[in-house]
Amino acid sequence: MLLEVHNMSHCFGGLRAVNGFSLALDAGQIHGLIGPNGAGKTTVFNLITGVHVPDEGAVLLEGRNLRGLETHRIAALGISRTFQNLRLWRHLSVLDHIRMAHYSQLRYGIFGALFGTPACRRQEKEITAHCHRLLETFDISRFAEQLVGSLPYGAQRRVEMARAMAARPKVLFLDEPTAGMTPDELVQMIGIIRQVHWEFGVAILLIEHRMKFVMELCDSVQVLVFGEVIAQGPPTAIQNNPKVIEAYLGKEDIH
């Protein structure tokens with residue numbers, strides 16, 4: 001198993017934000033995490049990626065326990081993510097965003113950078129090629145030299161995803177990747193994520209509110225309510241689950 005989470009729990013003061021969360025994500029799988037606002041979905045992401053340390057439980061990537069590791073170490077081991085709210089440097093170009101994300105993987109060191117060694121030139125060439133591959137995949141090549149702050153919102157979302165993929169992750173976490181997008185941008189994003197999944201073979205864990213997106217992309221889905229998983233399974237089963245319907249729409253008053 002690629003990514004395993006066992007009985008993970010976390011409290012903020014007296015509030016139990018996540019309670020006994022478990023997950024098994026295999027290589028090449030697309031898994032959805034859904035639930036009402038405030039259910040604890042982003043907290044799950046933050047616990048797995050090291051923003052917070054779980055009070056209980058274990059997080060394993062290819063058998064290695066990630067609990068307590070710093071965020072940059074978890075990223076270097078193979079987990080990249082996007083955020084619910086865009087976190088981009090508005091004064092940098094699109095290409096520079098993606099190029100900078102590669103530098104956690106540099107092998108040539110300060111000496112190589114100062115003296116332009118063959119190893120340095122070779123890796124810089126590899127980085128440039130990978131940047132342009134990502135620009136093509138996420139349909140942002142035409143924006144390569146533009147400042148990120150000048151781009152349409154949907155394009156900025158794709159820049160953030162391309163930056164996450166620059167680290168060549170084994171697992172890509174997407175936190176509401178279609179938030180604020182138009183219906184046309186939603187359809188485009190579905191196609192892009194399918195291509196990323198197929199082209200790079202990356203496993204994907206995503207948080208999403210739009211059921212069309214979840215139904216079309218995910219192999220499996222978990223539903224989180226008040227920090228606890230109330231249902232899990234294939235999208236079609238989740239869509240018709242009475243507990244899930246009640247969580248979203250409320251219980252019918254028969255009196």
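Buried describes a residue with under 20% relative accessible area, exposed one with over 50%, and partly exposed one in between (1.4 Å probe, protein chains only). The model is predicted, so that local features need pLDDT of at least 70 and side-chain atom pairs count only at pLDDT 80 or more, while totals for chains, interfaces and linings use all residues. Residues are numbered from 1 along each chain as its sequence is written, and side-chain values use heavy atoms, with hydrogens and water left out.

**View A. A salt bridge joins lysine 170 and glutamate 62.** A salt bridge places a side-chain nitrogen of Lys or Arg within 4 Å of a carboxyl oxygen of Asp or Glu; here the N to O distance is 2.7 Å. The partners lie 108 residues apart, lysine 170 in the loop between helix 6 (153-165) and strand 7 (171-175), and glutamate 62 in the loop between strand 4 (56-61) and strand 5 (64-65). Helices (H or I, at least four residues) and strands (E, at least two) are DSSP runs, numbered from the N terminus. Glutamate 62 is exposed at 51% relative accessibility, whereas lysine 170 is partly exposed at 33%.

**View B. Glutamate 199 and arginine 133 form a salt bridge.** Their N to O distance is 2.8 Å. The pair links helix 7 (residues 183-200), which holds glutamate 199, to helix 5 (residues 118-137), which holds arginine 133. Both are partly exposed, glutamate 199 at 24% and arginine 133 at 36%.

**View C. Glutamate 216 meets lysine 212 in a salt bridge.** These residues stand four apart in helix 8 (residues 211-217), and are therefore separated by about one helical turn. Salt bridges with shared partners join Arg194, Lys212 and Glu216 into one network.
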